[in-house]
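Hi,

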Amino acid sequence: MQVIKHIYILLIVFATSLASGQSVEFVMKTSKQKLGINERLRVDFEMNQDGDNFNPPDFSNFTVVGGPNQSVSNSWVNGVRTYKKTYSYFLAPKQRGTFTISQASIVIQGNVYKTTPKKIQVTAAVDIPKDPNDPKYLASEGVHLVAEVAKANPYLNEAITVVYKLYISPTIGVDGINEIDSPRYNDFWSQVINTQNEKVQNGTYNGENYRFLVYKKAVLYPQKTGELEIEPLSLDLSLRVPTNRRDIFGSVLMSRVNRTISAGRKTIKVKPLPEEGKPQDFTGAVGSFEFNVSASKTELDATESLQLKIAVKGNGNLKLFKLPKVSLPSSLEVYEPEHNEDVRTSLSGMQGSISDSYTVVPQYKGKYPIPSVSFSYFDINSKSYKRLSSEEILINVMNGPASHSASSNNQSTKNGNKQAVVQSGDHFAFIKTKSDFSAIKQDYFFKTNTFWTLLLLPFLAIPLAILIRNKKADRDADVEGNKIRKANKLVKKYLSNAKKSLGQKEAFYIALEKALHNYLKAKLHIETSDMSKDRISDLLKDKNVELTVVNDFISIIERCELARYTPIDIATMQEDFDKAGATISLIDKQAR
């Protein structure tokens, strides 16, 4: 009987050694390899031995809507231990196409292991099963995004508005809105109007009561004729949907669901402007306008300047056409105009004024008429072309040379009549006859203090370099010290990550747990798989750490394990973070 007992014990030890010596597996598993853009993808990273420094891949073509969720299972079957640890992510595709989820990596027993990349195909939206108890189905039926176009058959350069309204059922709550695909409004001049101050309103959708929010407003001016498409707006929503379950107080339990919705494409048929009656000087102005030409002054002297302003005011495509040019007499010198815009854009289109301001400088005395300037536009209200003309402006230059004097002076120069030069006693008085020059002092570098310092500096640096090298050699030889320093760096790194994740419960406690494990690995020389609470407690007591400090450290580890399953606010997270830092500091001081 005693022999059988010994044989049984040997078999258990042999099975355990086989289990501990099994090959390491680290794999990536996906819930599906082909999904619609309105579906979700689950990605699991599984390992059969515990590891550290898990680095997930870059989910650049997906939005992480859940995770990482961590789960651990330990089981013994016929004396064989089975261990599995899983990191789970839930992803929403950003666009259609075939994408590759790259490698994840982890460190197990000092070796780096990586997963195999996987290709995922994202197709167009698929039909969602109509299960009245399915939260996803309820979300699809209770949330709608609608694009309301004010005018589907406008003229070229006529303003139209697009208002995007998000309708939400009164029983559904919204936790977050993320715009994943914004329309680019090709072939339109566009202006998006700020909707940050919009409030939720009550309304109806398909005859049922809904709440709605004006999410986005845009004013568009078509730049081409024919059928033009307005691209859809797509949103990713985090929702709370009621279930058919209730809590102990009778309140309906809510389920969290992510849903992607789209407003759909809209087609606009743009009419060309009529050719009949189109003026030759028409430059594309469409709307309702007033036209004015004014001068800052009408009486001035030669070489003085005046401002000639051509302005258009009203409602229409003010930024999309050119103002008419002014034609002036050659005796008036004209500079390039300064263009000014005072335009506001609302749901009724562009409103305000634009102007060109010319600087005009007369050269000679006389009276100069500025001829009438005309401006043509297409009037939306009457659907016809209109022409506005200014009155003639007369500029009176009162003082200055007569225009015929210039030609007389030029003729006298050609005939050789020259004006005599008047001699003066101080004609060359501006030339200095004496100088205040001073001699240039030359400085030599050779044999100066700087010369000798730079010459001797390399020789002085040799002992310093030898000292630094010896210090580095001693530091490299200190294996235990290097392990401690490396662990301290990792602790600081993960504590830093935990501090950055304050407010995000899952990420915070995962980072905090990693920091504590890395610290223990270097301080107590144990692996992660051996980190039971009793083992940690015994080792810390053996190093003369006070019992209260040991209990605080164990309580922090227990909080990290339980925090993922209990509601915790940011104040509690801050307390745990401060407590972890203080406890580690105390262990460093007390451990012998």
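**Helix pair and sheet**

Helix H6 (residues 505-524) packs against helix H9 (residues 570-590) at an angle of about 5°, and their axes are 11 Å apart. Helices here are DSSP runs of H or I with at least four residues, strands are E runs of at least two, and both are numbered from the N terminus. Axes are lines fitted to C-alpha atoms, for helices over the stretch in contact, with angles from 0 to 180 degrees between N-to-C directions. H6 and H9 therefore count as roughly parallel (under 35 degrees).

On the H6 side, the contact (heavy atoms within 4.5 Å) includes Phe508, Leu512 and Leu516, and on the H9 side Phe577, Ala580 and Ile584 are among the residues.

A heads-up on the source: this is a predicted model, where local features need pLDDT of at least 70, side-chain atom pairs count only at pLDDT 80 or more, and totals for chains, interfaces and linings use all residues. Residues are numbered from 1 along each chain as its sequence is written, and side-chain values use heavy atoms, leaving out hydrogens and water.

Now the sheet: it is open, with three strands in the order S13-S18-S19 and antiparallel pairing (a pair needs at least two DSSP bridges). S13 (173-181) and S19 (252-262) are the edge strands with a single partner strand each, so one side of each has no neighbour in the sheet. From one strand to the next, the twist averages 25°.

S13 pairs with S18 (residues 234-246) over seven bridges, and asparagine 178 has aspartate 236 in S18 as its bridge partner. Helix H2 (residues 135-142) lies across S18 and S19, at about 55° to S19.

Cheers

Methods
Angles under 35 degrees count as roughly parallel, over 145 as roughly antiparallel, 65 to 115 as roughly perpendicular and the rest as oblique.
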